[in-house]
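Please examine the model shown here before reading on.

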Amino acid sequence: MFPASSSSGERLPLLRQRATLLGVCLLYLPNLVIFTLLYLLFLSHLYRHGMLGSWLSSVWVAFFGDIVCVLVLCSFWSVFFSLLFFASVGRMIAVGAGTVAVVVSWISLMVISNLHHLQVVWWQFKLQHVIHNWPEAWMGSQLGKHMFRLGLPVGLMKVLAATAWRPLVFWFRWGVFSAATLQWYELREIAVGTVMWLCVFLVLFLTYFPLPNTPSEARWLIPLSAVLLVAFVFYLSSEPLLWFYSFMLSSVVEVGYAGIAVRLPELEVQEWFAVVLMSWWVLKMLYISASRGIEQRYALPRVEQEVKYALENPFRAELENDFGRVGVDLEQGLETRVSHVVLGAEPLKTLREKHRALIVARQEALQTQVGGAAALPDNLKLSVRRESIWGDSARALVERPVSELLAPSMTVIFVGEQGVDGGGLKRDWFDSVAKALLEEAEQVNGKSLLACAPDQTLVPRPIAPDSDEVSDDDQAKFRELLAMGRFLALSIYRDQPLPMSFSIVACKHLLRVPVGMDDVRNLDGDFYRWRVEQVLKDGGIEEATIALGEPLTFLSAPTELMPKQKELKPGGAQTLVTEENKTEYLQLLCEAHLCAGRREIQCMLQGFWDLLPLEMLVRCGLTPREVSVLISGISEIDPDDWRCHSETCCDDTEVLRWFWEVVEELTLEQRCMLLHFATGSSRLPPGGFQDLKPKFSVDISMDSSDHLPHSHTCVNKLVLCRYSSKDQMQEKVVQAITSQGFGFA
């Protein structure tokens, strides 16, 4: 799937890491500033030579004659054709609109001819004898004379005809007309006419031989694009701009001749500055081109270096300070930590504000790294085949530079399919790639990159779990895992939620948040019950030894995804678990169980952090649950449907009534986070709460009302305390769902 890797252990010499002060200065002077300064120098040059008035007159002629009049003419004819073909109006209204369009067109052509001093032939009508009551003074006025004569813009017609025939004569009889002997307007006619004929031939060709997979409703864009291209060349070659071109080119030519003759150029001050600015712009374009080329060249080697780092430095989860210690009141410790997080000096922002702050911070950091927005790609364009959508997408995700993946806009093309991406194809691509990643995820021996954890959330699937050796096929899989990490980050960056739900443990890994015993309990209840809780009891080590039928040593617990036991520390197979070292054993055992596939997790994290760096995620204050909601999205949750398909395990109707009132008052984001808190997923099955298995249930414990709610995600149960009021319940629920993943039981 991926090109052959090139072994490079040293740091990639990216241009951004060696950007000189000159390069930074070049990039931080925008193109608009450069051309504005050039125009100011040009105007100063005209003023010094007394030509500013003449140039402003040409600007007026070009603006009013070539732009305003043409726009008015086109607007009236557009209205006429719209009424004629698309509107349900009477024939008289259409005829009236057509008459108005003809009159406006005639007036516009007359104005254009007058402004450009083109010949107009007038025909006088002998109708004065028909009208006897009109005053003679009025009949002799200029308006009266024009009422009874018709003008024909002969000069304008000659110009249009010359635009059609002059390019043919020029190109097919080269030498008859020499470019050096032609006037500027003749060269303009040749340039505009050449583009016009090319567009005509192209439109005719595409009309009779259309491109494959071009939607019929989009074919009208071809002639429209041709007209816009001809108009672009026409206006680009107008007289005011030709003055500007002459000012710049004359300075450059003088510098070139002076260099050949080995003498100082004879330039004015404005021309010297113009030469400096043009040289600045050329160097800037070369710098940007070189920077993008180097970024593209080293994109794949950088990925290979990150994969190599991940293989050499497998992931290790951080544990809470009291993890595995006997006699620790987990819920009391939880209450203290959550209160510290939620009731801090600075109030927490909403998830939408945090997400926006993350995007803005990433864009600013990217511009700082590259040296400015000018060096960044404008668009990320992906071309993929639907039958191999993940293979094509993974290749693009690792071969494209990070700056291109984070381009301001994104366009997706499905090979062999019709459609122009207006946002729908991008949404389709994210959904299709996510579904491709979910294929075979539920199978124990599946080949997918993801696997289902015991709580039915997603975790990276271990690759070659029984071997520490990495084959070429395994190396490609690790690159795909890194590509998957980039895909997840890209979905957050582009605000495109995915139909997939990751475990809270995986989201904690993304933020490097310490995991606790509650994470073990919620990820795999059976493992916690038989391998952790058993050992924590008095005399539990002896009972575990009897149940296993062998001495309890520092070996990992076999699972379906990791059937081979591994030593939890050097010499672990010979180290017996005792009362003195069982805390260490539980910490190592649970950490290994939570981090099945350390290399795979590290590859996914490396890809994710490429696009959204860890320190940026932490600085924006995102919690693991909020990251999960950003990946899975915020779905519409109906409180009535939620309550209708829920079960209750208690008789305290007042507390339950408060709870459902609180659910109705929560925002959409908070409801999704509450659903994630109780079930481990912020997304519902396709059938809604009716298809949620097992059903959502609410229970009430006898704990103190100072405690937070907790949940059993394996059975989709939320456990509340007997709070004294609805306000207290709402405060505790919001604290629980906005915490750093605490509150589980």
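The structure is a predicted model. Helix α8 covers residues 184-208, and its 25 residues should span 36 Å at 1.5 Å a residue; the C-alpha atoms at its ends lie 37 Å apart, which agrees. Several residues of α8 are buried, among them E186, R188, I190, V192, C199 and L206.

On the α21 side, the contact involves R531, Q534 and V535, which meet G540, I541, E543, A544 and L548 of α22.

Residue M616 belongs to helix α25 (residues 614-619). Its relative accessibility is 4%, and because buried means under 20%, M616 counts as buried. Leaving aside residues up to four places away in sequence, M616 touches L358, A361, R362 and A365. Of these, A361 is 255 residues from M616 along the chain, yet their C-alpha atoms are separated by 7.4 Å.

Most residues other than glycine have a negative phi. V262, in the loop between α10 (239-261) and α11 (269-297), is not a glycine but has a positive phi of about 55°. R512, in the loop between α19 (504-511) and α20 (517-523), likewise has a positive phi of about 55° without being a glycine. As for accessibility, V262 counts as exposed at 73%, whereas R512 is partly exposed at 26%.

Terms used:
Residues numbered from 1 in each chain as written. Predicted model: local features only at pLDDT ≥ 70, side-chain atom pairs only at ≥ 80, totals over all residues. Heavy atoms only, no water. Contact = heavy atoms within 4.5 Å. Helix = DSSP H or I, 4+ residues; strand = E, 2+ residues; numbered from the N terminus. Expected span 1.5 Å × (residues − 1). Buried < 20%, exposed > 50% of the residue type's maximum accessible area, 1.4 Å probe, protein only.
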